[in-house]
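Trainee: Please walk me through the charged side chains of a model. I would like each term defined as we go.

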Amino acid sequence: MDVRSPSINVHGPPRRDRAAVAKKSLVKSVLVVDVGGTSIKILASGQKTHRSFPSGPKLTPKEMVSGVKGLAADLGYDAVSIGYPGPVLRGRPIAEPYNLGRGWVGFDFAAAFDHPVKVINDAAMQALGSYRGGKMLFLGLGTGLGSAMIVDGIVEPMELGHLPYKKGTYEDYVGKTGLERRGKKKWRRDVADVVARLIAALEPEDTVLGGGNVHKLKVLPPRCRAGDNDNAFRGGFRLWEKNAAVPRAR
């Protein structure tokens, strides 16, 4: 994989993070936090089973941190990776999440955890955990439509779910709302159509379908392989590896 920097921000982490990294120069154990609209899942290095607690539309980042600290009280870790359900620029959320409370933009996660922290879009984190090389497209079938591409080791989070499709957007049809509104049969047909369109447009060498609803597909669309939600944790661990794929600088 392309080794430009082990950091989310290829120009170097913010000053507070640099100080934290200097203080804890050797990252041996990572706590991965997967932030979702219905639950917060965590997994620490060396652990085999993740832990979780409910989230919801009123969850604030302060409450998330408090919940994670309580859940991980008996776990030792040197750094934290956060998969965030929204756009992230230079390691910081730039828009409030659709399915959670407010206050995420501008929140100081490193100070709250008192550890070095790397924040990445949740779909990009799962993509990173699924990556085998070359040009890969990741599509997450969950509450919405998560999306990311990795090209020769460089991660590019995307917002393909918001592109127009039929009488709405892609995620209106292949996300949770479309599944509940149209039923499994039509949803599966829409998934196959959307995936085929995106593969034709983006020409990936490898396409991974992940997210909580991928198991509802009877048959995977052509040229696709199924991902695993646990790949999000693998991606979070990979963020701190020396040879990790990294988000593109902007």
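Trainee: Is D193 buried, partly exposed or exposed?

Mentor: Start with the cut-offs: buried means under 20% relative accessible area, exposed over 50%, and partly exposed in between (1.4 Å probe, protein chains only). D193 has 28% relative accessibility, so D193 counts as partly exposed. A word on provenance: this is a predicted model, where local features need pLDDT of at least 70, side-chain atom pairs count only at pLDDT 80 or more, and totals for chains, interfaces and linings use all residues. Residues are numbered from 1 along each chain as its sequence is written, and side-chain values use heavy atoms, with hydrogens and water left out.

Trainee: With which residue does D193 form a salt bridge?

Mentor: Side chains of opposite charge can pair when their charged atoms come close. The criterion for a salt bridge is a side-chain nitrogen of Lys or Arg within 4 Å of a carboxyl oxygen of Asp or Glu. D193 pairs with R197, the closest N and O atoms being 3.0 Å apart. Both lie in helix α6, four residues apart, about one turn of the helix. Helices are DSSP runs (H or I, at least four residues), as are strands (E, at least two), numbered from the N terminus. R197 is partly exposed at 45%.

Trainee: Which residue forms a salt bridge with D206?

Mentor: R225 does, with the closest N and O atoms 2.7 Å apart. This pair links distant parts of the chain: R225 sits in strand β14 and D206 in strand β13, 19 residues apart. R225 is buried at 17%, and D206 is buried at 16%.
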